[in-house]
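I opened this notebook to record what I looked up in the structure. The entries follow in the order in which I took up each topic.

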Amino acid sequence: MKRWVEDLGAWASSLRFSGFTVLVVVLIAAGTVIVSPSLSTFVQQRREISELRESVRLHQEAVSEIDAERVKWKDPVYVRSQARDRLFYVMPGETQLGVVNDIVLPVESDEETSPELSRFTSDWARGIAASFLTAGTTAAPPEELAGTAPAPDPTPEEPQP
């Protein structure tokens, strides 16, 4: 180790610094100080440009998807299918069926299904009016109407001796 330090000291003492060497070192340091902000600005601007290009590419993809959707909506067949699916529209003369309790019967089932459909008719306005009147004219406590309290037993219990 001591030999290495001596060799380094001998090398350092053999260096000769002239005015020209000092001038070149100062010019290189000054150039580095002057160019470094411009270089960092250049690198930052290149990064921003690449981010903006990526953003433009993503927005162009979104615009192309929207254009494809707009072209679909110009097709009357597509509009008709969407109206049938989303709004449950039917063509004149067609009858729409709604399945309320969809029960899948096993293949081995002996049950037979009726080929005739039954039409469910109800007067919803009459049902609402009846419910409103019943709720307003009843003498039952609110707990009983809500179903939270047990209903009174119609048969009184005999006292146990």
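I looked up Gln82 and found a relative accessibility of 14%, which is under the 20% cut-off, so Gln82 counts as buried. I note that the model is a predicted one. Gln82 belongs to helix α3. Setting aside neighbours within four places in sequence, I find Gln82 in contact with Trp73 and Leu87.

**Helices α2 and α3**

I next took up the packing of the two helices. The axes of α2 (residues 19-74) and α3 (residues 76-87) come within 5 Å, and they cross at roughly 90°. The two helices are therefore roughly perpendicular. On the α2 side, I list Glu69, Lys72, Trp73 and Lys74 as making the contact; on the α3 side, I list Pro76, Tyr78, Val79, Gln82 and Arg86. Sorted by class, this contact of α2 with α3 holds four nonpolar, one polar and four charged residues.

**Trp73 and Tyr78**

I then searched for aromatic pairs and found one in the structure. Trp73 and Tyr78 form this pair, with 5.2 Å centre to centre and 80° between the planes, an edge-to-face arrangement. I also looked up the accessibility of Trp73: at 35% relative accessibility, Trp73 counts as partly exposed.

**Helix α4**

Last, I checked the length of α4 (residues 124-137). How many of the 14 residues of α4 are buried? I find that the number is zero, so α4 lies largely in the open.

Terms used. Residues are numbered from 1 along each chain as its sequence is written. This is a predicted model: local features need pLDDT of at least 70, side-chain atom pairs count only at pLDDT 80 or more; totals for chains, interfaces and linings use all residues. Side-chain values use heavy atoms; hydrogens and water are left out. Buried means under 20% relative accessible area, exposed over 50%, partly exposed in between (1.4 Å probe, protein chains only). Helices (H or I, at least four residues) and strands (E, at least two) are DSSP runs, numbered from the N terminus. Axes are lines fitted to C-alpha atoms, for helices over the stretch in contact, and angles run from 0 to 180 degrees between N-to-C directions. Angles under 35 degrees count as roughly parallel, over 145 as roughly antiparallel, 65 to 115 as roughly perpendicular and the rest as oblique. Contact means heavy atoms within 4.5 Å. Ala, Val, Leu, Ile, Met, Phe, Trp, Tyr, Cys and Pro count as nonpolar, Asp, Glu, Lys and Arg as charged, and the others, Gly among them, as polar. Rings of Phe, Tyr and Trp (its six-membered ring) pair if their centres lie within 6.5 Å; planes under 30 degrees apart count as stacked, over 60 as edge-to-face and the rest as tilted.
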